[in-house]
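Okay, thanks for coming, everyone. I'd like to walk you through two contact surfaces today, so let me put the structure up.

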Amino acid sequence: MNKIKICLYFPPNKVTVPLSYHLIKNFDLQLNILHADIDLAKTGKLIMDVLGEKKNIEKGLKFIEQQGIKYKIFNKTIIWQEDKCIHCGACTAVCPSGALKLGTIDCMLTFDKEECLVCELCIKSCPLNVMSVAF
Amino acid sequence: MIKKSFEEINEKIKKGKAVIVTADEIIDLVAEKGIKKAAQEVDVVTTATFGPMCSSGAFLNFGHSDPPIKMSKVWLNDVPAYAGIAAVDAYIGATELSETKGMEYGGAHVIEDLIKGKNVKLHAKSYGTDCYPLKEITTFINKKNINQAFLFNPRNAYQNYAAATNSSDKTLYTYMGTLLPDYGNVTYSTSGQLSPLLNDPEYRTIGIGTRIFIGGAQGYVAWEGTQHNPEQNRGTNKVPIGAAGTLTLIGDLKQMNTNFIRAAVYEKYGISIFIGIGIPIPILDEDILEKTAIKDSQIFTNVYDYSVQSRKRPAIRSVSYEELRSGTIKLNNKKVSTAPLSSLKVAREIAQILKKQIAKGDFVLTQPVAHLPLKNKMNTLDIRGGKDE
């Protein structure tokens, strides 16, 4: 089984396509939607993890393309230099997915890579420059 | 009524018999034992904060070169320092930007590099005098080969501060961090119930001459801070509900530790510096103890709309720090995420360290030589016309 994280960009006339249904049914892919910003008659953005056999993922991506929907595979990850972090919480102000969280009791920062959308907003919002992106 | 003096408390510290708790710990203790019993038992409550405090900087004395120079312009790692003080003294302000790296590096980074023991490039220019003939010098300094190096921070430890949000359709880059459009988030900066001046709201024990923990070293309260605003509106518990008292702090840079003082860059805003401050509060009577038992739920601030580019920003709502710490608050019937800018984790470490230092007798309390003012009118800077207006 392979896993990739992708961002789909729906043009205005494609937001009604039941894409996830076909990806699951026809290609046996497991989808985990991480972030969705879709509005009828507007462009849409969908970020998700896709889990499945390598050849099925490839077929699924081809299918997405055939529907006129563009996609980007995330091949980057956010690196958190925990030893240099002071746990101030400034990054949590901009993190859209909640991957970066401050504990309510211990007030320590935690970073869940699985939840991360690699939007990179945390990199610049960190006053101590302890967040970076790796390819 | 319990009454203790500084001398009595210091005597107990010297004998290793003083009872010291943090401003977090005192809350449960008072809930369990009541104010009177807690005031009898506890001698010192430690408070702390570790937040970005722009109004900070360091005085440095470089020693004299041969031939000597009367430095009139000084740069440290390409960051301008103020040199209009005698011949080889300079003040490096935390927020000053590098002339070569811009917002990537500034005065706060120079201070951090000096504390780490790194070499820093000193470049200075002069007009030359008969007694100071040298007109230019470039050399390297570090904390071992210069004379005095002490932080002198005109405005630290704000007693309370506004929370920030953004009603506009653009992201705002501010000293309150990145504010997302359409009320996308709320930021705030305090250690709340652990914060020094929120535990001594009327400055009964924290005053000029108070010994403090600053950046890992021992330092002192030198004066009221700039923009000290004791007349801010206060709640029934006497705690201000917005920016109020401030402190001017002094401490030996050479003794500091970068675990408790760190340079910071706020995107498209500029440079600041996290300063770790710990202040002990001697429990001289029950009133002082009661004030230290304050909880986040009893401390309030206002949320301001930072998209209004005026000093008269409208307050959107009043909010307690307990609500802000919960991670979300309601703004205009919308659930909005909240995020702190000040590290409560490190503030708690400082309060514990200070507790241990006092318990070991390494940190003795000082009685203020003068109190901070409770009256002070805040002026504004207006565009004025004639010279005598």
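**Two surfaces of chain B**

Let's start with a zero: between domain 1 of chain B and domain 2 of chain B there are no salt bridges, counted as a side-chain nitrogen of Lys or Arg within 4 Å of a carboxyl oxygen of Asp or Glu. Before I go on, this is a predicted model, where local features need pLDDT of at least 70, side-chain atom pairs count only at pLDDT 80 or more, and totals for chains, interfaces and linings use all residues. Residues are numbered from 1 along each chain as its sequence is written, chains are lettered from A and ligands numbered from 1 in the order in which they are written, and side-chain values use heavy atoms, with hydrogens and water left out.

So where are the domains? Domain 1 of chain B covers 6-53 + 153-359, and domain 2 covers 63-146; those bounds come from an automatic or database domain assignment. Their centres, taken over C-alpha atoms, sit 33 Å apart. In contact (heavy atoms within 4.5 Å) are 16 residues of domain 1 of chain B and 19 of domain 2 of chain B.

Together the two domains bury about 1,400 Å², with 72% of that on carbon and sulfur atoms. Buried area here is the accessible area (1.4 Å probe) that two parts lose on being put together, summed over both. On the domain 1 side, Leu253(B), Lys254(B) and Ile271(B) supply 44% of the area buried against domain 2 of chain B, more than any other three residues.

Now the other surface, chain B against chain A. Here 22 residues of chain B touch 20 residues of chain A. The buried area is about 1,600 Å², and carbon and sulfur atoms give 62% of it. Arg262(B), Glu267(B) and Lys345(B) supply 30% of what chain B buries against chain A, more than any other three residues.

Which element gives the largest share of the chain B side? That's strand 19 of chain B, with five residues; strands (E, at least two residues) are DSSP runs, numbered from the N terminus.

Methods:
Helices (H or I, at least four residues) and strands (E, at least two) are DSSP runs, numbered from the N terminus.
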